[in-house]
Amino acid sequence: MSILVVADHDNAKLSKATLNVVSAAAQIGGGTTILVAGKNCAAVAKEAAQVQGVEKVLLADNEVYENFLAENMAALVADLGKNYSHIATAATSTGKDFMPRVAALLDVSQVSEIITVISPDIFRRPIYAGNAIETVQAKDAIKVLTVRQTAFDAATATGGNATIENVSGKGDSGLSQFVSKDAAKADKVELTSARVVVSGGRGLGSKENFALIEKLAAKLGAAIGASRAAVDAGYISNDAQVGQTGKIVAPELYIAVGISGAIQHLAGMKDSKVIVAINKDENSPIFEIANYWLVGDLFEILPELTSLV
Amino acid sequence: MKILVPVKRVIDYNVKIRVKADSTGVETANVKMSMNPFDEIAVEEAVRLKEKNIATEVVVVSMGNDSVQETIRAALAVGADRGIHISLDDNINSLQAAKLLKKIVEEEKPDLVITGKQAIDDDANQTGQMLAALLGWGQGTFASKLEIADGHATIIREVDGGHMTVKLKLPAVVTTDLRLNEPRYPALPNIMKARSKPITKKMATELGVDLAKRVEVLKVEEPAKRSAGVRIKTVVELVDKLKNEAKVI
C-alpha cells in the first residue's frame with residue numbers, strides 16, 4: 001500500500017489539516033508521500049519533509065499551482081496518483097474542489113469526508129449533516145479520499161526526514177483563470193484549527209453587537225464563529241459560518257452565544273470537547289448537546305464573562 | 001445560451017431523518033421529499049439568467065424512479081422550460097451520476113451546467129466537479145455570485161479564507177453555495193402551466209454507462225449521542241466550571 005497525501009497550504013506554511021490527513025494515512029498503513037503543489041513553496045516542502053511518518057515529498061513548484069485551481073491541480077494529482085493505492089487530502093474548500101476531479105480523471109469513485117479508517121478499503125463518514133454515519137467499502141483499485149480534519153489527531157510535525165523530489169505537471173489547462181482573493185487578516189485565529197471557538201448567532205441582533213463576541217474571543221485567544229443566521233443577517237462574513245454547509249470545527253472549548261441550535265449548525269460543532277451554550281430561550285435545542293448551559297440575557301452575560309476569564 | 005440544471009430528489013431538509021432499525025439505510029417511506037436545496041438555488045440562478053435574456057433555454061434533468069418527475073415539475077413551475085427524467089431504480093455513486101449527465105450534455109450541448117454543490121442526503125460534494133472533469137470543462141464550485149459575459153463566466157466562490165474570484169471559459173460547470181440567491185416560491189398559475197411543459201424519459205440502462213456501484217454502503221448508524229449537560233445559574237459558576245472541572249481555560 002502506498003498513499004499520496006496532497007498537502008493543504010498557502011505557499012508559505014503547511015496547514016494543520018495536512019497533519020490530520022497524514023494521521024489518517026498512517027491508519028490506512030503503507031508508505032506516505034506528500035505532494036506539495038504551489039508557487040514558491042519550497043518552504044512548505046521542507047516543512048512536509050519533517051512530518052513524522054512521511055517517506056517522500058514531491059514538490060511541484062510552478063505558477064500554475066499558485067491558487068490551487070482545480071483544473072490544474074487535478075491534472076497533476078491524477079497523473080502522479082495513478083501509481084498509488086490511495087490518494088487523500090483534507091476536506092477543505094480546496095480539497096473538496098479538486099479531489100472529485102482527480103477521481104473522475106482516474107475513473108474511480110471518491111469517498112468524501114471520512115471520519116474513521118476501519119481498514120484500507122472500509123471507512124466511516126457522516127451523511128445527512130451528521131445525523132447518520134455510514135460505513136462504506138471502496139472497491140476501486142485507487143481509493144480517492146477526502147478527510148474530515150477534526151476526526152483525526154495531527155501527526156507530529158517534526159522529527160521526520162523525508163527526501164524532497166521535484167516533479168512537474170502539464171501546465172495550465174486554459175479553462176479557468178484566477179482573478180482575485182480576499183486578503184486574510186494576519187491576526188485572525190484560524191477557525192478550523194483553533195483550541196477555543198466563540199460563536200454568535202442571531203441573538204446578537206446586529207453587526208455592532210457582534211463586537212461582544214469579538215471581545216470575548218480576543219480575551220480567550222479564540223477564533224470567531226457564527227451561525228448561518230448571523231452570517232445571512234450580515235453580522236459577520238461567511239467564512240465564519242460553522243455548520244454542515246460552512247466549517248466543521250471540533251475545538252476543546254466551543255462557546256455558542258445567542259444560537260438556538262439548528263440541525264445544520266450542530267452538525268458543524270457537536271464533536272467539540274466542551275460545549276457552553278448561552279441563550280435566553282430555555283428550550284433551545286443547543287442545550288441538548290451542551291456540557292454547560294446558561295439561560296439569560298447575553299448582553300449581561302457576555303461582558304461579565306469577558307471580564308472574568 | 002442554453003443551461004442544463006441537474007437536480008436531485010432528497011428527503012426534505014426540515015424532516016428529522018430516522019435510521020432504519022436494520023442499519024441498511026435511512027427511512028424514506030412516507031417521508032416528505034423535496035428538491036435538494038442547493039439545486040433549488042441552481043434552478044433559480046438559471047431562471048434569472050433567462051429572465052435577464054442571457055439564457056434562452058433552461059433544461060432540468062433528474063435521476064431516479066418516476067417520483068423524480070414531481071421534482072422536475074417543481075423546477076418547471078419556477079421557470080425552467082423542459083425536463084429530462086433519467087429512469088433508474090437503484091442508488092448510484094456520484095461518478096456514475098456524472099457519467100449519465102455527460103451523456104445528456106453531449107446530446108443537449110448546453111453552454112453552462114449549474115447544479116448544487118452537494119446533495120443534503122449523502123453530502124458527497126462530487127458530481128459537479130466530476131462532470132466537469134469528464135467533459136474537460138472548467139469548474140466554478142461553491143458559487144456565491146455568477147456573471148456571464150463574452151463567452152466567460154466570472155464566479156465568486158466561497159472558500160475557507162473568504163472569497164475567491166475565478167473566470168471560466170464557457171462551456172463550464174458551476175456549483176451553487178447558499179448565498180448565490182434566494183429561490184422564489186412558484187405562483188399557482190405557473191404550477192398549472194408546468195403541467196403542460198414536456199418531460200422526456202430516458203432509461204439509464206440504455207445510455208451506455210456502467211452503473212455498477214464501486215462504493216458499497218455496508219451499514220448506516222445513528223451518530224454517538226452526547227451525554228446530558230448541566231444548567232449553570234451564574235457567570236461566576238460557569239467560569240469556575242470551565243477552569244476547575246473541564247479545565248479548558
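An open sheet of six strands runs in the order β13(A)-β12(A)-β14(A)-β15(A)-β16(A)-β13(B), with parallel pairing. At its edges stand β13 (223-226) of chain A and β13 (230-232) of chain B, each with a single partner strand, so one side of each has no neighbour in the sheet. On average, neighbouring strands here are turned by 20 degrees against each other, direction ignored. Strands are DSSP runs (E, at least two residues), numbered from the N terminus, and two of them count as paired if DSSP finds at least two bridges between them. The angles are taken between axes, which are lines fitted to C-alpha atoms, and run from 0 to 180 degrees between N-to-C directions.

All of this comes from a predicted model, where local features need pLDDT of at least 70, side-chain atom pairs count only at pLDDT 80 or more, and totals for chains, interfaces and linings use all residues. Residues are numbered from 1 along each chain as its sequence is written, with chains lettered from A and ligands numbered from 1 in the order in which they are written.

Within the sheet, strands β12 (residues 196-200) and β14 (residues 253-257) of chain A run parallel and are joined by five bridges. Here V198(A) sits opposite I255(A) of β14(A).

Elsewhere in chain A, strand β5 (residues 110-114) is largely enclosed by the rest of the structure, because five of its five residues are buried (20 or more other C-beta atoms within 10 Å of a residue's own, with C-beta atoms placed from the backbone). β5(A) pairs with strand β9 (residues 143-147) of chain A in the parallel sense, over three bridges, and Q110(A) has V144(A) as its bridge partner in β9(A).

As for confidence, the predictor gives the complex an ipTM of 0.95 and a pTM of 0.93. Chain B averages a pLDDT of 96, and 100% of its residues score at least 70; pLDDT is the predictor's confidence in each residue, from 0 to 100.

Notes: A residue is buried if 20 or more other C-beta atoms lie within 10 Å of its own, exposed if 12 or fewer, and partly exposed in between; C-beta atoms are placed from the backbone. Helices (H or I, at least four residues) and strands (E, at least two) are DSSP runs, numbered from the N terminus.
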